[in-house]
Amino acid sequence: MRKLFACAAIAALAACSQPAPEPAAEETTAAAPEPAADAGAPVPGDYTVTYEDGTATPFTMNADGTWSGTNPAGEAGKGTYTFADGKTCFTSDPPNENDTCWTASPAAADGTFSSVSDKGVTVSVKPAAAQAGETAAE
């Protein structure tokens, strides 16, 4: 069960990034450059992580580098995450053998993306904001 929870957490963190917007082509005044966003870097927020068997679990990534969530068995977990070399790595509190790194695909227009762990687990990650939009449209 910890394996599933760790996978969900990692997937959510790794897959939340969106590419940095491109500068407008017609700018005539020079503005101070903004820091470049890391491609694939996690975006803090609330997510639903869906496993290959269809099991969906809630997951939250915080701006302070912490995460929390519930695994498919209903067990709560928490920990920290880091982003380096295109991967989001999750560490549980306390650390365990299921902690791993995830590589996210580019996000779709609604923010949904897939993520693959270093252990070969694939999940789909959907931002809560995208789910709220679906509910409002129904």
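F59, W67, Y81 and F90 come together as one aromatic cluster in this predicted model. Rings of Phe, Tyr and Trp (its six-membered ring) are taken as a pair if their centres lie within 6.5 Å, and the planes decide the type: under 30 degrees apart is stacked, over 60 is edge-to-face and the rest are tilted. A search of the whole structure turns up four such aromatic pairs. Here are two of them, both involving F90.

| Aromatic pair | Type | Centre to centre | Angle between planes |
|---|---|---|---|
| W67 and F90 | edge-to-face | 6.4 Å | 75 degrees |
| Y81 and F90 | tilted | 6.2 Å | 40 degrees |

Strands (E, at least two residues) and helices (H or I, at least four) are DSSP runs, numbered from the N terminus.

Buried here means under 20% relative accessible area, exposed means over 50%, and partly exposed falls in between (1.4 Å probe, protein chains only). F90 has a relative accessible area of 3%, and Y81, at 12%, counts as buried too.

Now for the strands around the cluster. Two strands are said to pair if DSSP finds at least two bridges between them. Strand β3 runs antiparallel to strand β4 (residues 76–84), and five bridges join them. Within this pairing, S68 has K78 in β4 as its bridge partner. The hairpin of β3 and β4 has five residues between the strands, and G74 there takes a positive phi near 85 degrees.

β4 also pairs with β5, again in the antiparallel sense, over six bridges. A84 stands opposite K87 in β5. Two residues separate the strands in this hairpin. One of the points to look at in the loop between β4 and β5 is D85, whose phi is near 55 degrees, a positive value in a residue other than glycine. Most residues other than glycine have a negative phi, and most peptide bonds are trans. D85 counts as exposed, with 79% relative accessibility.

Further along, D93 and P94 are joined by a cis peptide bond, with omega at about 5 degrees. P94 sits in the loop between β5 and β6 (101–104).

C89 is another residue of strand β5. Leaving aside neighbours within four places in sequence, C89 is in contact (heavy atoms within 4.5 Å) with T80, Y81, T82, T100 and C101. C89 and D99 are 10 residues apart in sequence, and their C-alpha atoms are 7.7 Å apart in space.

Stepping back to the whole chain, the protein has two helices and eight strands, and read along the sequence they follow the pattern α-β-β-β-β-β-β-β-β-α. Of its 138 residues, 35% count as buried. Among contacts in the protein with a separation of 6 or more, 47% come from residues 24 or more positions apart. The protein exposes about 7900 Å², by the Shrake-Rupley method with a 1.4 Å probe, and carbon and sulfur atoms supply 54% of that area.

A word on how to read the values: residues are numbered from 1 along each chain as its sequence is written, and side-chain values use heavy atoms, leaving out hydrogens and water. In this predicted model, local features need pLDDT of at least 70 and side-chain atom pairs count only at pLDDT 80 or more, while totals for chains, interfaces and linings use all residues.
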